[in-house]
Amino acid sequence: MKLLLKNPSSVVTCSSSGKPFKRGAEMKDVGLINDADIYIEDGIIKQIGKIEVDSDCEVMDVSGKIVVPGFVDSHTHAIFAGTREREFAMRARGMTYCQIAKAGGGILETVRQTRNAQKSKLRSQAERRIDKMLSWGTTTIEIKSGYGLDFKNEIKILEAANELKDESLSDVVVTFLGAHAIPQEHINNRETYIEILTGELIPYIARKNLAEFCDVFCDEWFYTIQEAEKILSTARENGLKLKMHADELSANGGVKLATELKATSVDHLENISLDEIMLLAKSDTVGVVLPAVAAYLRSKPAPAREMIDNNCAVAIASDFNPGTSMVDNMQTVMWLAVSLNKMTVEEALNAATINAAAAVGLSDKFGSIEVGKQADMLIVDAQNYSYLPYHFTENKISKVVKNGTVLEFS
Ligand code: NIG
Ligand code: FE
């Protein structure tokens, strides 16, 4: 299949010039090209420039529109049952996320509902969510387990995620987050659950190829640094790549561990210290900032400005989940990154594309408009790329090109 995107007013390439991601000041540049067409064959970008094509090539006139890379949402918890608007209201009255979690709410509330849901129901709900996200420009999505917290239910969620990976239009990356909270039945014997994670779940998941990444929620009231190290080291020995939730509710040394273990990404970072920023900047671990969480928790936003100024590679993601981010739209995430985390529009665009692809280890395939990459692109009905985060409530994406196929959403 051949496709030519003809006469866009500009192409936002987000090219990283052959590197896996952009760091620090490199994030200022979105690699804008004017006067170039884009030629795609069998889902791959073959040529960028002024191009004449044969008559068997479909030509799409995109004059007056801009083309940007499909967004990569590198951190979501998109498979869950039930919602938690009551906790949103409780926090608005002054309770904290930790107080609600300690009282048995929070993650454990969603665990109760998710354990009761059938795999087919979880899958079909998540499929609708992913399709909606695709219409807002998310062409690749990472999905974590973590609302099962026992063998049967974690596997149920991972199987649902793998079915989505096989069948949905979006590319799906699956992460095992069995260490999301300590399950209620193991509150007084947490080492038993950690034994189930390291001795049973991780080896089974690796053997059955049910996840590419393993993640741990390392924070006050959740998993300690020592526990995170044990779980992540076991995952690495079993061939899984690593991610980590760190420094969300408190500063806890998670970034040091993530960089020592050469994690692909370390996520949240609301309470990252300057020392940790320096460690991150020297590493190849991508720092993933989740701007919606600070808004939902009324907490301090991650210091993305300081991270970029100190040469870190920063990505942004939605963290879509029923507790701390019901935001499923990367355009909204970009707006929040600019408004709350003090990123520039250009940095937010690179953070939502090339650096986000690097945060799931896939920047050789996704995240930029470059020859050889998969043709995942957004045709935006705007004069300027700044329009996307500026007026995020109106979807200006007129068409999504996914793997070379043009999708239309009414
Ligand atoms: O990324 N921090 C841990 N996990 C989610 C919250 C999940 C929940 O509250 O259900 C997060 O913010
Ligand atoms: Fe999360």
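How do the residues of the shell around ligand 1 divide into nonpolar, polar and charged? In this predicted model, local features need pLDDT of at least 70 and side-chain atom pairs count only at pLDDT 80 or more, while totals for chains, interfaces and linings use all residues. Residues are numbered from 1 along each chain as written, chains are lettered from A and ligands numbered from 1 in written order, and side-chain values use heavy atoms, without hydrogens or water.

The shell holds four nonpolar, eight polar and three charged residues. Here Ala, Val, Leu, Ile, Met, Phe, Trp, Tyr, Cys and Pro count as nonpolar, Asp, Glu, Lys and Arg as charged, and the others, including Gly, as polar. Of the 15 residues around ligand 1, Tyr 97, Tyr 147, Glu 248, Asp 319 and Thr 324 come nearest; a residue is near if one of its heavy atoms lies within 4 Å.

Ligand oxygens approach side-chain N or O atoms. The distance is 2.7 Å for Arg 84, 2.6 Å for Tyr 97 and 2.6 Å for Asp 319. Taken alone, ligand 1 exposes 320 Å², and the protein buries 100% of that. Areas follow the Shrake-Rupley method with a 1.4 Å probe.

Helix H12 spans residues 330-339; helices are DSSP runs (H or I, at least four residues), numbered from the N terminus. Seven of its ten residues are buried, so H12 is largely enclosed by the rest of the structure. Buried means under 20% relative accessible area (1.4 Å probe, protein chains only). Among the buried residues are Met 330, Val 333 and Leu 336. At the start of H12, a side-chain oxygen of Asn 329 reaches to within 2.7 Å of the backbone nitrogen of Gln 331.

Notes:
Buried < 20%, exposed > 50% of the residue type's maximum accessible area, 1.4 Å probe, protein only. Helix = DSSP H or I, 4+ residues; strand = E, 2+ residues; numbered from the N terminus. Polar contact = N/O pair within 3.5 Å; in protein donor to acceptor, adjacent residues only side chain to side chain.
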